[in-house]
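Take a moment to turn the model around on your screen before reading on.

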Amino acid sequence: MTSLTWNQMVDSFDSTLSIPENLENKSILQAALAYAKCGWYVLPINAGTKHPGSLVGTDWPEKSTRNDREIREIFKFPNTAIALHVGRSGAIVFDVDGPTQLSELLMRELFQTQVPFQSTRLSGDIRRG
C-alpha cells in the first residue's frame with residue numbers, strides 16, 4: 001500500500017476528476033494526456049499487466065504525474081498501457097466482482113445513482129470494469 005504525504009494529498013484536491021471522452025480514437029500518449037487534463041495522475045505500464053511499476057520501477061508513486069512534459073517523456077516506451085494513480089488523484093475505486101455480496105447501502109449507491117463508471121473491458125458485460 002502506498003502512503004501519501006500531506007502535500008501530495010492536498011495537491012490531489014486541486015482539480016475535479018472526470019473521465020475523458022472518445023478515448024477509443026486516441027493513441028496511448030493522447031489518452032494519458034487526456035486523463036491528466038481531467039485531473040488524474042498517470043504512469044505507463046506494460047500492456048497486459050496491472051503492475052504499476054512494470055516500466056518505471058518500484059518508485060512508481062513518485063513518478064506518476066499530471067504534467068504534460070513529463071507524460072510525453074515517460075510514455076515513450078513501446079507496448080504501453082496507462083495506469084491511473086487513484087490515491088494520489090484523490091479518487092476512490094470500488095472493484096466489485098461480486099455485487100450480491102455488497103451491503104444494501106453500497107449496492108444502492110453504486111447501481112441506482114449516476115456514479116462515474118469506466119469499463120476496462122472491450123467486450124462482454126459492460127458493467128464489469
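Which residues of α2 are buried? They are A31, A32, L33, A34, Y35 and A36. Here "buried" means under 20% relative accessible area, while "exposed" means over 50% and "partly exposed" covers what lies in between (using a 1.4 Å probe, with protein chains only). Among the elements that cover these buried residues of α2 are β1 (42-46), α4 and β2 (80-84).

Before going further, a word on what you're looking at: this is a predicted model, where local features need pLDDT of at least 70, side-chain atom pairs count only at pLDDT 80 or more, and totals for chains, interfaces and linings use all residues. Residues are numbered from 1 along each chain as its sequence is written, and side-chain values use heavy atoms, with hydrogens and water left out.

Now step back and look at the whole chain. The protein chain has six helices and two strands. Both kinds of element are DSSP runs numbered from the N terminus: helices are H or I with at least four residues, and strands are E with at least two. Of the 129 residues in the protein chain, 28% are buried. The accessible surface of the protein chain is about 9100 Å², and carbon and sulfur atoms account for 52% of that. Those areas come from the Shrake-Rupley method with a 1.4 Å probe, and for residues only the protein chains shown count as cover.

How does the chain meet itself? A contact means heavy atoms within 4.5 Å. Take the contacts in the protein chain between residues at least 6 apart in sequence: 56% of them join residues at least 24 apart.

Let's head inside. A nonpolar core is a set of buried Ala, Val, Leu, Ile, Met, Phe, Trp, Tyr and Cys residues joined through side-chain atoms within 4.5 Å. The largest one here has 14 residues, and the ones with the most contacts inside it are L23, A32, Y35, W40, V42, I71 and F75. Two elements, α2 (28-37) and α4 (68-74), each give two or more residues to this core. The largest share, six residues, comes from α2. Zoom in on I71 and you'll find that I71 touches L29, A32, L33, A36, V42, T65 and R66, leaving aside residues up to four places away in sequence. Apart from this core lies another, of six residues, including L43, W60, A81 and A83.

Next, follow the loop between α1 (6-12) and α2, where I19 is found. I19 has 31% relative accessibility, so I19 counts as partly exposed. Although I19 and A34 are 15 residues apart along the chain, their C-alpha atoms are separated by 8.7 Å. That loop between α1 and α2 also holds N22, which has a positive phi of about 55° although N22 is not a glycine. With a relative accessible area of 48%, N22 is partly exposed. Just after α2 there's another positive phi, of about 100°, at G39.

The loop between α4 and β2 is worth a visit too. P78 is found there, and P78 is exposed, with a relative accessible area of 68%. N79 is not a glycine, yet has a positive phi of about 55°, and N79 is exposed, at a relative accessible area of 57%.

Finally, let's look at charges. Side chains of opposite charge can pair when their charged atoms come close. A salt bridge is a side-chain nitrogen of Lys or Arg within 4 Å of a carboxyl oxygen of Asp or Glu. How many salt bridges does the structure hold? The structure holds two. One joins K63 and D59, whose closest N and O atoms are 3.3 Å apart. K63 is partly exposed, with a relative accessible area of 35%, and D59 is partly exposed too, at 34%. In the other, the side chains of E73 and K76 meet at 2.7 Å, N to O. E73 counts as partly exposed at 43% relative accessibility, whereas K76, at 54%, counts as exposed.
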